[in-house]
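Let's take a friendly walk through this protein. Please have a look at the sequence and the structure, and then read on.

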Amino acid sequence: MGCIGLVNLTSINPYLTRTPNKPYNSRRMAAAIRAESVATEKLGITIQKNPPESKLTQLGVRNWPKWGCPPSKFPWTYSAKETCYLLEGKVKVYPNGSDEGVEIEAGDFVVFPKGMSCTWDVSVAVDKHYQFE
């Protein structure tokens, strides 16, 4: 039998330590995993990659309405703050006035601010849960 999915954890986070015959420090490993799901903000869009299921459950995300679209490109203006969770898809969002885009994809928990005008460039069909505030 061969090994599948071996990973050098110190390449993911150099603070993970291992001594001979002892496992990785589990507290540091948990902190590294949590750090990977921290939200970041870019061009006014907040993205949390792969949020914990407990957060999605607490917010009731799976009960929110769903929306989807095929690959396409279209302008959009947010008349209210939108929070969404992408189940499928890949999109590059270009806020008006910026040549730079923000990539979002399946597994991302995203917040778009009220008043943002942008262009959605959908490269892989989108299926998402969403909520407007």
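This is a predicted model: local features need pLDDT of at least 70, side-chain atom pairs count only at pLDDT 80 or more; totals for chains, interfaces and linings use all residues.

In soluble globular proteins, nonpolar side chains tend to be buried together. Here, the largest nonpolar core has 18 residues, and I45, V93, I104, V110, F112 and W120 touch the most other members. At least two residues of this core come from each of β2 (45-49), β5 (82-95), β6 (102-105), β7 (108-112) and β8 (117-132). Another core, of 5 residues, lies apart from it, with L56, V61, Y85 and F109 among them.

Leaving aside neighbours within four places in sequence, S123 is in contact with P71 and K90.

Now turn to the charged pairs. Side chains of opposite charge can pair when their charged atoms come close. The structure holds 8 salt bridges. One of them joins E105 and K49 (3.7 Å, N to O), linking strand β6 to strand β2 across 56 residues. K49 and E105 also belong to a salt-bridge network with D108.

Where does the partner of E82 lie, and is this pair buried or exposed? E82, in strand β5, pairs with K128 in strand β8, with the closest N and O atoms 2.6 Å apart. Both K128 and E82 are buried.

Note on methods. Residues are numbered from 1 along each chain as its sequence is written. Side-chain values use heavy atoms; hydrogens and water are left out. A nonpolar core is a set of buried Ala, Val, Leu, Ile, Met, Phe, Trp, Tyr and Cys residues joined through side-chain atoms within 4.5 Å. Buried means under 20% relative accessible area, exposed over 50%, partly exposed in between (1.4 Å probe, protein chains only). Helices (H or I, at least four residues) and strands (E, at least two) are DSSP runs, numbered from the N terminus. Contact means heavy atoms within 4.5 Å. A salt bridge is a side-chain nitrogen of Lys or Arg within 4 Å of a carboxyl oxygen of Asp or Glu.
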